[in-house]
Amino acid sequence: MERFFLTVSILLGLFVFLCLYRVVFGPGIFNRLVGASVIGTKTLTILVLIGFVYGRIDMFVDISLVYALLNFIVTIAVAKYFQRKGAM
Amino acid sequence: MEIVAILLLCAGTFFYLTGTVGLLRFPDFYSRMHATGKSDTLGTLLSLLGLAFYAGFSFTGVKILFIAVFIFLTSPTATHALLRAAFDSKVPPWTKDGRSLRDKEVRRK
């Protein structure tokens, strides 16, 4: 079972690298923001999976909970910031 | 019980895959946001549900379910905020014939 979790987390890591392309080459600031927020939600699941693989699940569930909160707050704050600045 | 977790996790990974392909392949910002906003939320929901099943009915399982519900509530909100910000800062939407929408009034009062 742990092996299955490990393969799924490696697969999600591959998806994160694919999204990294959009973060690096995204035409505008907002495409980069989309890439960052997508990577944020993916690392959330990877964290919980790694928690199961390592066996210390309580710690990792708290970490992923905080990570979900932060990811949401950061996306809202940066969106609000770029709304006024009007960056293309 | 583990079969349910494996199936849900596979479904979640599938939706992550579709979200990633959508993020890379779609022509402009709005369609990318359209793809990733929905499929990532669903992918996270399914995989966290599967993990909650695997964790069983314990304190950890309930916390994982709480994360899933939290993501289910906040991810669309974040998507909406990003879209509103992009629309206000006049990111041009993609049009098939390439003619910008600017000719017509983009935001009909």
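The buried residues of helix α1(B) are Ala5(B), Leu8(B), Leu9(B), Gly12(B), Thr13(B), Tyr16(B), Gly19(B), Thr20(B), Gly22(B) and Leu23(B). Buried means under 20% relative accessible area, exposed over 50%, and partly exposed in between, with a 1.4 Å probe and protein chains only. Helices (H or I, at least four residues) and strands (E, at least two) are DSSP runs, numbered from the N terminus. The cover over these buried residues includes α1 and α2 of chain A and α2 of chain B. An α-helix has 3.6 residues a turn, so residues three or four places apart point the same way. The 24 residues of α1(B) should span 34 Å at 1.5 Å a residue, and the end C-alpha atoms are 34 Å apart, which agrees. The expected span is 1.5 Å times one less than the number of residues in the helix.

The model is predicted: local features need pLDDT of at least 70, side-chain atom pairs count only at pLDDT 80 or more, and totals for chains, interfaces and linings use all residues. Residues are numbered from 1 along each chain as its sequence is written, chains are lettered from A and ligands numbered from 1 in the order in which they are written, and side-chain values use heavy atoms, with hydrogens and water left out.

Chain A has three helices and zero strands. Its elements run α-α-α from the N terminus on. The radius of gyration of chain A is 15 Å, whereas a compact globule of 88 residues would have one near 12 Å. This radius is taken over C-alpha atoms, and the globule rule is 2.2 Å times the number of residues to the power 0.38. Along the principal axes, the C-alpha atoms of chain A fill a box of roughly 50 × 25 × 10 Å. Of the 88 residues in chain A, 48% are buried. Contacts (heavy atoms within 4.5 Å) were sorted by sequence separation. In chain A, 58% of the contacts with a separation of 6 or more join residues 24 or more positions apart. The accessible surface of chain A comes to about 4,500 Å², and 73% of it belongs to carbon and sulfur atoms. Accessible areas come from the Shrake-Rupley method with a 1.4 Å probe; for residues, only the protein chains shown count as cover.

Chain B also has three helices and zero strands. From its N terminus, the order is α-α-α. Buried residues make up 45% of its 109 residues. Among contacts in chain B between residues at least 6 apart in sequence, 64% join residues at least 24 apart. Chain B exposes about 6,000 Å², with 73% supplied by carbon and sulfur atoms.

The largest nonpolar core holds 41 residues. Such a core is a set of buried Ala, Val, Leu, Ile, Met, Phe, Trp, Tyr and Cys residues joined through side-chain atoms within 4.5 Å. Phe30(A), Phe29(B), Leu48(B), Leu51(B) and Ile64(B) touch the most other members. At least two core residues come from each of α1 (2–25), α2 (29–54) and α3 (57–85) of chain A, and from each of α1 (2–25), α2 (29–55) and α3 (59–88) of chain B. Helix α2(A) gives the largest share, 10 residues. Beyond four places in sequence, Leu51(B) touches Phe5(A), Val48(A), Leu49(A), Phe52(A), Leu9(B) and Ile64(B).

The whole structure contains 12 aromatic pairs over all chains. Rings of Phe, Tyr and Trp (its six-membered ring) pair if their centres lie within 6.5 Å; planes under 30 degrees apart count as stacked, over 60 as edge-to-face and the rest as tilted. Phe5(A) and Tyr54(B) form an edge-to-face pair, 5.0 Å centre to centre and 85 degrees between the planes. This pair crosses between chains, from α1 of chain A to α2 of chain B. Phe5(A) is buried at 0% relative accessible area. Tyr54(B) is partly exposed at 24%. Phe30(A) and Phe82(A) are also edge-to-face, 6.3 Å centre to centre with 70 degrees between the planes. Phe30(A) lies in α2 and Phe82(A) in α3 of chain A, so the pair ties together parts 52 residues apart in sequence. Both Phe30(A) and Phe82(A) are buried. One aromatic cluster comprises Phe30(A), Tyr81(A), Phe82(A), Phe29(B) and Tyr30(B).

Two further sites were examined. Ser37(A) lies in α2 of chain A. Its relative accessibility is 17%, so Ser37(A) counts as buried. Pro92(B) sits in the segment after α3 of chain B. Pro92(B) is partly exposed, at 41% relative accessible area.
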